[in-house]
Amino acid sequence: MISSRFVLKRLLLLVPVLVGVASLVFSILHLSPGDPALTIAGERASEEFVKQVEESLGLNDPIWVQYGRFIADAAQFQFGESFIIQRNTTVREVLVNKLPVTLELAIYGQLIGVFLGIPLGILSAVKQDSITDHLTRIGALAGISVPIFWSGPLLILLFAQVLGVLPTSGRISVLYNVEAIRVTGLVTVDTLIAGEWDMFVSAVRHMILPASVIGVYSMALISRMMRSSMLEVIRQDYIRTARAKGQGAKITVLKHGFRNAMIPVITVIGIQFGGLLGGAVLTETVFAIGGIGTLLVEAIKVGDYPIVQGTVLTFAFLFTLVNLGVDITYSILDPRIEQ
Amino acid sequence: MSTETKTTTETTTGTGERGLIDRVTASPFVSKLLSNRLALAGIAIIVTMVVVAIYARLFISLDAITQSQLGTNPNRAAPSLEYLFGTDGQARSLLPRVAYGAWYAMLFGTVTVAASTTLGVGLGIIAAYYGDVTDNVIMRTMDVLLAFPSLLLALALVAIFPDDLGLWRAVAALTLVYTPRFARVVRGAALTVLENEYIDATIALGATDPRVLVRHVLPNCLAPITVQSTLNFGLAIIDLAALSFLGFGAAAGTPSWGLMLSNGVSQGLLTGVWWWSFFPGFFLALTVLGFNLLGDGMRDALDPRMREAVD
Amino acid sequence: MTAAPDHSADERPPLSEQLGVRLRLVGTALVAGVVVATVSVVAATVLSDPTASVETAFALGSLLFGFGLLGWSGAVALGRGIESMQETLDTQTGWTEPDARRAMARIIGFGLGVMLGTMFVGSVVLGLA
């Protein structure tokens with residue numbers, strides 16, 4: 001079983017992750033062509049003002065002094081204030097506002113991927129080389145061939161414009177003020193907590209299309225992984241023995257195969273969560289949902305480095321935490337492993 | 001794709017015209033590939049897109065489809081017999097623009113895949129041949145790069161390159177993103193080749209390192225490299241379009257599929273102008289599907305010893 | 001069979017020896033980094049602006065250092081996941097967690113060495129303090 005010492009060790013890993021991301025951002029900041037002082041002051045600023053900005057940011061200190069300060073600030077989650085995107089707002093504040101948006105999208109997308117991908121993979125494996133198997137595999141291949149920024153617009157056109165059953169973009173109807181009932185920042189949760197049924201329905205309706213678009217991607221990988229993992233388990237001896245003893249094929253598979261086949265799939269779900277976050281960047285853009293994905297894109301475009309750093313670090317933390325969760329699930333499924 | 005590479009390697013051995021074709025079709029890889037209907041469909045799609053791309057490059061004037069056609073053509077016209085794919089907000093007919101997009105996709109896709117193949121082949125062969133610390137550092141670095149989500153890594157890299165490079169900036173970033181995949185495949189294949197006894201014999205006979213690598217190891221890795229290139233071609237086209245879509249690629253007005261989709265989403269979606277996003281996206285997805293079908297078929301046709309390495 | 005990686009604790013060498021091996025690994029890379037940084041910064045200074053070359057060298061060092069740290073944490077956190085994914089998807093490349101950690105330790109050491117070397121050249125030789 002999992003020990004608290006193991007969890008603590010994994011959480012301590014966040015320290016090298018933090019220093020690592022901060023070092024990478026620092027080097028990108030100093031290697032990329034733009035002059036940060038000029039970016040902040042604006043292209044048309046007077047030379048004097050640019051000098052002043054340089055002074056206040058300590059850009060004239062030797063680079064190792066700047067590095068030390070940068071890492072020390074990052075270690076305290078002090079990323080400073082946004083240069084451009086939201087002037088005079090701390091990066092932390094911006095992130096707290098935007099993170100739940102992406103988180104909500106990723107959670108529902110992942111759920112769709114898992115709950116469609118696993119059954120499809122099992123079906124494909126149990127009926128290996130049947131029409132169902134081929135269709136599932138071709139479907140998965142088509143799923144990864146269609147880019148999110150095309151399937152998204154098509155779904156919007158079909159369901160929002162032609163059929164008019166789902167909303168086009170955003171997280172909730174503009175008629176409602178979600179900020180007033182904000183608790184977790186996840187609109188589908190907040191509206192339930194507040195007991196606003198109409199608002200909840202609106203939030204769910206807004207979530208359906210983006211979550212499906214993002215979910216199809218992880219579904220493709222999960223079903224492929226589940227299929228090959230399941231096939232491997234089916235081929236193993238004890239399943240054959242169980243079958244020889246006269247148990248029906250379906251029962252055998254469900255009883256013995258599933259649990260063992262799940263183990264490698266669970267770990268893959270953790271690893272592909274990173275890809276899901278990448279997909280979130282595109283999905284947020286298509287559906288005009290302002291989460292940390294679009295924030296990152298904007299920040300890179302305009303050179304708002306404090307925001308870039310905060311966003312990248314948030315992504316890295318999310319990834320690490322999800323994989324910690326995966327490890328805990330893993331050890332529950334496979335008690336042979338001692339942590 | 002595969003047949004072409006095969007052909008060139010075979011010609012160097014100096015067989016005659018007829019014998020060559022016989023030999024190519026007799027190879028288990030090619031015959032297995034040609035018996036796969038899905039792979040054949042993939043080849044058909046790719047050939048069609050290449051023809052469209054070359055036609056567009058030769059017969060469509062880039063100026064005429066980049067400049068605004070307001071006044072000449074109807075603005076925002078729906079698809080009709082005259083304007084098969086409709087016109088955009090600048091009254092430009094979409095058909096030639098989408099066709100020209102095929103040229104951009106093929107051109108920049110080829111450059112990205114070729115550059116990352118070259119880099120990856122170099123690193124992979126060096127890692128396999130020298131082993132030990134060299135292998136350890138090169139390959140584990142490649143593994144870390146592989147663990148990053150490709151689009152997020154590409155975004156970070158794009159930030160390093162100056163933005164006046166346009167689409168070449170995206171190409172440079174994606175080249176670095178894809179290099180690890182090739183390095184991994186090539187290292188795996190090269191290790192299999194290096195296990196052969198004749199390599200030891202060649203070294204014992206006094207062959208130099210570069211000679212062994214180029215003459216003996218590289219030719220034997222060609223099949224898995226070709227498979228990996230095909231699989232990555234599709235990815236490269238999607239990712240290039242994605243970077244353009246997010247605003248890190250082609251300059252405004254360029255007829256690239258990603259940029260056309262971006263306009264279609266930001267301006268056409270709310271007003272129901274479906275043809276702005278439908279046509280570029282359709283051809284994008286079709287091309288990618290073609291490469292994925294062919295790549296999957298090629299992987300299945302590959303010698304199982306080599307298949308292990310291809311991801 | 002996706003067997004559990006065996007953590008045979010009794011076979012491990014004593015702690016001091018383990019520590020020694022690790023220190024030597026990082027130390028060698030660190031020294032290499034210092035040497036490379038010193039030579040290249042001095043060479044670059046002859047050709048161009050000293051401040052700019054020191055900044056670029058230091059930034060490259062921190063790039064490697066940060067990359068190594070991320071890779072090391074990634075190997076520790078995802079090690080088993082990557083191993084079992086490769087096993088199931090038939091893409092074995094001989095990736096193992098200890099191997100990856102060793103490689104990342106080398107990169108961390110080298111990057112740190114470059115940073116220290118640049119700092120040394122910059123402050124002592126060029127007097128940018």
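Where do Lys301(A) and Glu298(A) lie, and how many residues apart are they? Both belong to helix α13 of chain A, three residues apart, about one turn of the helix. Helices here, like strands, are DSSP runs numbered from the N terminus (H or I over at least four residues for helices, E over at least two for strands). The model is predicted, so local features need pLDDT of at least 70 and side-chain atom pairs count only at pLDDT 80 or more, while totals for chains, interfaces and linings use all residues. Residues are numbered from 1 along each chain as its sequence is written, chains are lettered from A and ligands numbered from 1 in the order in which they are written, and side-chain values use heavy atoms, with hydrogens and water left out.

To stay with that pair for a moment, the side chains of Lys301(A) and Glu298(A) form a salt bridge at 3.9 Å, N to O, the term being used for a side-chain nitrogen of Lys or Arg within 4 Å of a carboxyl oxygen of Asp or Glu. Lys301(A) is partly exposed at 39% relative accessibility, and Glu298(A) is partly exposed as well, with a relative accessible area of 38%. These classes rest on relative accessible area (buried under 20%, exposed over 50%, partly exposed in between, with a 1.4 Å probe and protein chains only). Over all chains, a search of the whole structure finds four salt bridges.

Another of them joins Asp133(A) to Arg227(A) at 3.0 Å, N to O. This pair links distant parts of the chain, 94 residues apart, with Asp133(A) in helix α7 (residues 131-145) and Arg227(A) in helix α10 (residues 197-235) of chain A. Asp133(A) is buried, with a relative accessible area of 0%, and Arg227(A) counts as buried at 13%. In chain B, the side chains of Arg299(B) and Asp296(B) meet in a salt bridge of 2.7 Å, N to O. These two residues are separated by about one helical turn, because they are three residues apart in helix α14 of chain B. Arg299(B) is buried at 13% relative accessible area, whereas Asp296(B) is partly exposed at 24%.

Ala288(A) has a positive phi of about 50 degrees although it is not a glycine. Ala288(A) is found in the loop between α12 (249-286) and α13 (292-302) of chain A, and it counts as exposed at 52% relative accessibility.

Turning to the contact between chains, 34 residues of chain B are in contact with 33 residues of chain A, contact meaning heavy atoms within 4.5 Å. The two chains bury about 2900 Å² between them, with 81% of it on carbon and sulfur atoms; buried area is the accessible area (1.4 Å probe) that two parts lose on being put together, summed over both. In chain B, Leu152(B), Leu246(B) and Leu269(B) lose the most area to chain A, together 18% of what that side buries. The elements giving two or more residues to this side are α8 (150-160), α12 (222-246), α13 (257-268) and α14 (275-301) of chain B. Of these, α14(B) supplies the largest share, 12 residues. Between chain B and chain A the count of salt bridges is zero.

Within chain B, the secondary structure comes to 15 helices and zero strands, and 53% of the 311 residues count as buried. Nine of the 12 residues of α13(B) are buried, so this helix is largely enclosed by the rest of the structure. Among the buried residues of α13(B) are Trp257(B), Leu259(B), Met260(B) and Val265(B). In helix α9 (residues 167-195) of chain B, Val171(B) is buried with a relative accessible area of 4%. Leaving aside its neighbours within four places in sequence, Val171(B) is in contact with Phe108(B), Val111(B), Thr112(B) and Leu240(B).

Chain C has three helices and zero strands, which follow the pattern α-α-α along the sequence. Of its 129 residues, 41% count as buried. Among contacts in chain C between residues at least 6 apart in sequence, 78% join residues at least 24 apart; the corresponding share in chain B is 70%.
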